[in-house]
Each structure stands twice: as structure tokens, then as C-alpha cells.
Amino acid sequence: MNDTTRTAPTSRRDFLRLAGATTGSPALLAGLNRTAAAQGGEPVIIGCPAPLTGIVAADGIEFRRGLEMAVEEINGMGGILGRPVEAVFVDTESKGDDAVIQAAQRLIDRDGASALITGYNLETGTALHDVAADAGIIAMHANTVVVHDELVKSDPDRFWGTFQYDPPETFYGVGLLDFVKGLEERGEFTRPNNKLAIVTGPGVYSINIANALNEKAAEYGFEVSLFETVNVPISEWGPTLAKLRADPPALIAVTHFYAQDQAQFMNQFMNEPTNSLVYMQYGASLAAFREIAGQNSEGVLYATVIGALQDEIGKAFAEAYKARFGENASPNGGGQTYMAMHAYAVAAALAGGPGAPYEEDQNRLVADRLRHLIYRGPVGTMRIVPETQSAYCYPSQTKDPSLGMPHIFSQIQDAAADGVLVAPPPYNVESFRLPSWMQG
Amino acid sequence: MLAGELNKHLAIALVIAVGFAAVPLFVGERYLLGEVIVFFIWAMVAMNWNLLMGHAGVFSLAQLLFFACGAYGVAMGTQLAGLSIWLAIPLAAFAAMVLALLIGLACLRLTGAYVALLTFAIAEMVRILIVTDTHCFALIQNNCQQLFGGSTGFSRFSDFGFRPILRGDWIVGHYYVVWAVFVLSLVALVVIIHGRLGLAFRAIRDNVGYASSRGIDRQRYQLIAFASSALLTGLAGAVYAGHFRFAGPSLFEFSTLMFVLAMVIVGGLGSTWGPLVGAGVMMIVVEFAKELGDARSIVLGLSIVLFVVFLPKGIAGGVGGLRAIISRPAGQNRSTTATDTHQ
């Protein structure tokens with residue numbers, strides 16, 4: 001981008017800077033592209049450091065697909081103020097902060113990424129922050145960790161450009177207990193006893209959710225009968241299941257989130273099921289879970305704070321996504337980067353165009369637009385909490401479903417189809433069904 | 001003879017050191033400087049592993065554990081104990097050496113493949129103990145932090161402190177810190193390999209019975225090799241942690257072990273400079289193989305297999321052999337050419 005092309009939309013940029021929150025949609029981007037002075041054909045590079053191989057590659061591949069689909073759509077609408085968008089991917093190999101930092105730096109310095117957009121990586125949740133801050137660019141991730149919030153709050157002037165476009169994991173623990181309480185109040189579920197079994201993996205995300213459940217269980221009348229940590233990846237669940245069968249709980253919460261491990265749990269659990277609700281964190285939302293577990297997946301509950309909704313927008317996205325990538329593709333994963341890419345494009349267009357790496361002033365304008373944007377995508381509404389630069393959570397942080405990313409609960413009722421959304425309203429499309437293993 | 005070899009290799013080390021010292025004068029790109037920093041670190045690990053495996057004949061698979069020990073030492077020293085990173089770095093390297101001595105005392109009663117099995121088992125046991133720990137030792141920024149960092153490890157502890165001083169050029173500061181440790185490591189390795197210690201190591205490696213009969217205590221010298229190699233490897237791990245502000249179990253998982261092992265084998269086991277060249281070659285191979293996804297592991301495995309079969313002494317051995325062929329007088333019997341493996 002040269003100086004001449006950057007000066008053209010100055011007056012509109014000044015106007016929008018003073019405007020308040022903006023509701024974003026693809027139509028808004030198309031409108032902006034029509035009215036804007038074209039900025040030339042230099043492509044806008046979006047870097048995506050994602051786990052394309054390794055233990056969470058199933059998610060990483062969906063992140064790539066979602067981003068690719070969004071880029072195609074944006075380019076179909078004229079790009080960002082006339083500039084085509086190009087996505088570049090670097091594999092982080094499902095490794096830690098060091099791999100993510102190297103991948104991000106490569107995308108900035110080698111590929112000239114104006115922004116980094118990804119889903120999650122198996123890092124501590126803070127790997128992108130310094131890289132983005134040092135290069136003066138935007139980074140958008142869905143690591144779903146509270147440590148992001150704390151870091152941004154600790155130095156907002158340095159971490160102005162890093163956004164977590166979903167809520168942190170802290171809402172999961174209480175959210176699950178509230179969900180079960182709601183089922184009981186509506187008479188859809190009666191707990192056979194007050195026992196709660198928590199099975200967690202070793203990751204901070206899983207542990208924070210497990211600890212939150214552990215801490216709040218008593219307030220909801222539960223007694224934690226088992227708190228088990230498993231080494232991952234895990235395919236042999238025998239020892240854990242033996243403990244569950246020896247002292248059957250009313251609710252089993254598996255907060256370890258790898259889809260393939262959860263599927264193996266269900267395959268082995270169904271050999272001799274206990275009279276327990278089974279809740280699985282996130283992984284069960286992926287097609288890979290149903291593929292591996294087959295019929296054994298039916299009845300499983302899962303939740304996510306960033307999953308494809310089953311309303312008009314979500315369904316249209318899921319259909320287009322599956323038509324593009326095949327029936328086994330998972331809109332829950334792809335929807336994340338898809339929405340983030342669209343939101344970034346709108347914010348960048350509103351700010352007068354994206355800045356190149358190290359063009360901090362222009363990228364700060366884009367960040368400012370993102371901070372004030374309300375973007376409705378297939379996974380819900382992204383509205384950013386200004387202090388933490390994470391998305392608001394509905395219903396935990398806002399009671400207005402149009403102003404927060406919904407913490408959705410789904411149940412797999414047919415192994416051949418995606419799980420159906422059973423809570424919260426107004427996004428629920430089906431009622432909860434007592435799993436087959438609890439009916440007899 | 002010994003002093004001549006030592007001086008020759010010290011001169012090579014000096015040329016390498018000066019050459020790399022000049023790199024930031026010509027390269028400003030943060031990614032590229034970052035890659036050279038990573039090269040320094042992996043080269044240190046590979047060269048120290050080569051000292052232990054190639055020169056002292058100890059087939060240890062715990063080298064990455066010592067590397068991780070250095071990194072964890074810095075992370076825990078700065079984040080949990082509040083130490084300055086400049087104090088944490090030598091302490092972490094020292095901790096790696098102590099750990100190596102303990103492991104060495106247990107393992108060096110065995111020989112050959114049994115040492116490999118036991119050292120691998122110990123490293124894997126430590127890794128599993130770390131990743132399965134879920135007990136919150138401290139709450140850092142509202143986040144559960146296990147004593148050894150759990151499966152995600154430690155992050156955001158103190159780095160070398162150049163950001164406020166050098167601002168956008170902070171990586172140049174990191175570069176010269178790691179370069180200094182790299183040069184220190186090179187000099188120390190050259191002095192060990194081409195000094196009396198190196199001779200003793202190779203005597204044990206080549207014929208333990210003969211070496212013992214000449215008064216060289218196998219266990220004692222192999223323990224010295226274990227400890228000195230771990231000290232320098234721990235130092236590499238410490239500066240790795242200082243550069244990335246990260247220490248986690250991925251530092252000593254199996255794929256990382258294979259990556260560094262490939263550097264040693266491709267470069268030339270038992271040589272002086274081979275693992276340094278191997279580190280560079282493997283980093284370039286991996287850079288180009290980034291687009292290959294899972295096939296990247298096949299490229300790594302294949303390069304090990306090809307080198308073991310066709311060039312068992314690695315690049316260093318190949319170059320040595322080529323030099324011998326070139327300098328051989330015409331008509332000289334092929335069998336009389338000897339390749340010095342520690343070139």
C-alpha cells in the first residue's frame with residue numbers, strides 16, 4: 001500500500017473513528033467496497049499459524065478450510081477496499097509456544113502478513129501476543145483461555161492488537177452446572193445420585209474447566225466422587241471406566257477435549273454403561289468424534305462457546321461448508337476462522353484498509369474498529385469486551401443473545417448428523433433426550 | 001600433535017564465531033535472525049550429544065532431557081523463585097549437570113543398547129510425570145500453574161531484557177547472547193575433543209578393555225562426558241527459554257529427539273564439526289519441508305536411513321573421504337586411506 005492510496009479515504013476514516021459500535025455483516029463489506037476508492041491490487045496477506053499436523057490436526061484442518069472459504073467470499077465481494085485477500089498457512093505441528101512464535105514470525109517477515117488469524121494452538125494462550133505487538137499487527141485467536149484476558153488487561157497499550165474472538169474457558173464450569181440444573185427444573189432429567197465424576201486432560205484449558213467444576217459442584221448439590229487426570233493422547237480408558245463403574249455418578253464430565261480420545265471413551269463406556277449423563281468438552285462437536293464412535297456417540301452432550309449455530313445463518317454456512325469440503329467436514333471448527341476473517345475484513349475496510357506489518361498506526365485503527373464491531377457470524381455474535389479483548393459470553397455476561405457469543409449445549413441424537421442444539425434459547429432447536437443407556 | 005590439532009580446530013571455531021558475529025550487520029529480518037538463533041541452539045545440542053555418543057561411546061537418549069532441564073530451570077527460577085535470568089541461566093545449566101550425574105551413576109553400570117533404553121525410559125518418565133500433573137501450584141494471572149508447568153509448560157517469564165533497551169531491534173540483543181553461549185560451547189567442545197579428555201573418551205569407545213588396561217577408568221570418564229555434555233546442553237536449553245520465554249514438554253518429546261538425532265547422524269557421528277553442519281542442513285531441509293505436512297517426518301526419517309546406509313560417517317565422513325581420495329597419490333591402494341572421523 002503506498003501513501004497515495006492510503007490518503008484517499010481519510011475523511012471517511014475520520015468519520016468512522018468517531019462512530020460507536022458497528023454491526024458487521026458480509027453485506028456491509030460489499031457496501032464499503034462499492035463506495036470506497038479502490039486501493040490497488042496489492043494483496044492483503046492473512047497469516048494463519050495453525051496445528052495442521054499432530055494431535056489436534058482435525059481442528060487445524062477445519063481452521064484452514066474456514067479461512068479459505070471466507071477469503072474466497074471476501075474476494076468475491078471485491079476483497080478489502082479493492083485489494084484481494086490471500087491466506088498463507090504455517091503448520092505449528094500441535095506444538096507449544098516456541099513453534100507458534102516461529103510460525104507467526106515467519107508469516108510476518110516472510111509473507112508480509114497484515115494480520116494473524118487462527119483458531120487455537122496447543123500453546124499457553126499467550127504466544128501470539130508479543131509477536132503481534134512487536135510487529136504492530138492484529139492477531140485473532142480462539143484459544144479460549146482466561147490468561148489472554150489477564151495479559152491484555154495487564155498492558156493494554158502493548159497488546160492493543162491481539163483479540164480472542166470467543167469467551168474464555170472460565171464460563172464452561174458454571175455453565176455446565178447451570179445447564180444440568182435447568183434440565184432438572186424442567187423435569188427433563190432426574191439425577192440418580194449426587195455424584196459428579198470429572199475426567200480431565202493435562203492441558204491448562206481442560207484443568208481450568210475441571211477445577212471450576214470441582215469448586216462449584218457443592219453449590220449445585222453435587223459431590224465430586226472422582227477427579228481423574230489422564231495422560232494424553234489416550235485410547236485405553238479401562239482403568240478410568242473401572243473406577244466409574246465401581247461408583248457410578250449421575251454426571252460424567254470429560255474436560256479433556258481431543259475428539260479421537262473422547263470417541264474411544266464412548267466406545268469403551270458403551271460396553272457396560274453406567275446410569276450417568278455424559279458430557280464432553282468441545283471434541284464431541286467435531287465430525288471426527290461421530291466418525292470414530294459411530295452409534296456410541298448418540299446421547300452424548302457437549303458444549304462450546306464457539307460452535308456453529310443451527311439457525312438460518314448457521315445452517316446456510318454449514319450447508320455451504322459441507323458442499324465445499326465434503327460431508328465429513330466440521331462447520332464447528334471452520335466456522336471460527338470463517339467468522340474471524342469476515343469480522344477482520346469489515347473492521348479493516350471500516351478503518352480505511354489494513355496496515356502492513358510494522359505499520360502500527362493503521363493497524364491500531366483496524367483494532368479500534370474490531371473493538372467496537374458487533375459481528376454476527378455462523379457461530380454467534382462477536383462483540384469484544386474492551387478491557388480484555390475477548391468476546392462477550394451469552395448468557396453468562398449478557399442476557400441479550402444478539403450481543404454475545406453463545407455458550408451452546410448440544411446433544412448427538414443421530415450419529416449420522418451433527419449434534420442438535422438443546423440450549424440456550426433462542427438458539428435451541430431440539431429438546432434434550434435422555435440417553436438410551438439411561439432409559440432402561 | 002595434540003596441540004597442533006587443538007590449535008587448528010580453535011582457529012576454525014574462531015572463523016565460525018567471527019562469521020556469525022557479522023550476520024546481524026547484513027541481516028535485519030527478525031525471522032531470519034530468529035532462525036539463526038535456533039540454529040545456534042540446536043547445533044549446541046547436537047554437538048554435545050555427539051561428544052557423548054560419538055566420542056565417549058555412550059548411547060544416551062536423555063540429551064533432550066538435559067536441554068529441557070536448562071529451559072525449565074530458567075522458567076522456574078525466574079517465574080517461581082524470582083531470580084534474575086542472568087543468575088538463572090548458569091544455575092539451570094548446573095542443575096542439568098547434576099541431573100546428568102545422577103542419571104549417569106545409575107546408567108553407566110550398563111553399556112550399549114541398555115544405556116539407550118534406560119536413559120530413554122527416564123526421560124519419558126519425567127515427561128509423563130510433568131504432563132499428567134494437574135495440581136495447581138500457583139495461580140498466575142488467574143491461571144492454574146503446575147509446579148513443572150503441566151502439559152503446556154511455562155511462558156511469559158523474564159527474557160534477556162533487551163526490549164526496553166533496543167526496542168524494535170531486541171532480537172539483535174538475543175542474537176548476541178545466544179551467539180556468546182554458542183561460541184563458549186564451541187571452544188569448550190574443541191578443547192575437550194582435541195585434548196587429553198577427548199583421547200581418553202575415544203580410547204574407551206574404541207576398545208574399553210585396552211583403555212582400562214592403560215589405567216583409564218571407563219565409568220569415571222564416561223561420567224565426565226555425561227556431565228560436561230549435559231552442562232553445555234543445559235546452557236543451550238537455558239538460552240532457548242530466555243529467547244522464547246517458553247519451556248514446555250514439547251522440548252523433549254520424541255519428534256524433537258529424532259530431529260536432533262538426525263542432525264548428529266547427517267552431520268557425522270564422532271566428528272568435530274559434522275553435527276554443526278548437520279544442524280544447518282536439517283534446519284534447511286525442515287524449512288523446505290514445511291509445506292509437506294505429516295510427510296515432513298518421513299523426510300526426516302528418510303534422511304537418517306539414507307545417511308546410515310550410504311554415508312554412515314555423515315557429511316563430515318564424506319568430506320574426509322573425498323579429501324583423502326583427492327590427496328591420495330596415484331596408484332595407492334584404496335585400503336590404505338584412513339578417514340579421520342574427528343575432523
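The model is predicted, and local features need pLDDT of at least 70, side-chain atom pairs count only at pLDDT 80 or more, and totals for chains, interfaces and linings use all residues. Residues are numbered from 1 along each chain as its sequence is written, while chains are lettered from A and ligands numbered from 1 in the order in which they are written.

Chain B contains 15 helices and four strands (DSSP runs numbered from the N terminus, helices being H or I of at least four residues and strands E of at least two). Of its 343 residues, 49% count as buried, that is, with 20 or more other C-beta atoms, placed from the backbone, within 10 Å of their own. The C-alpha atoms of chain B fill a box of roughly 75 × 50 × 40 Å along the principal axes.

Because 22 of the 27 residues are buried, α11(B) is largely enclosed by the rest of the structure. Just after α11(B) comes Arg245(B), with a positive phi of about 55°.

Turning to the interface, 31 residues of chain A are in contact with 26 residues of chain B, contact meaning C-beta atoms, placed from the backbone, within 7 Å. On the chain A side, α5(A) gives the largest share, seven residues.

Conventions: Buried ≥ 20, exposed ≤ 12 C-beta atoms within 10 Å, placed from the backbone. Contact = placed C-beta atoms within 7 Å.
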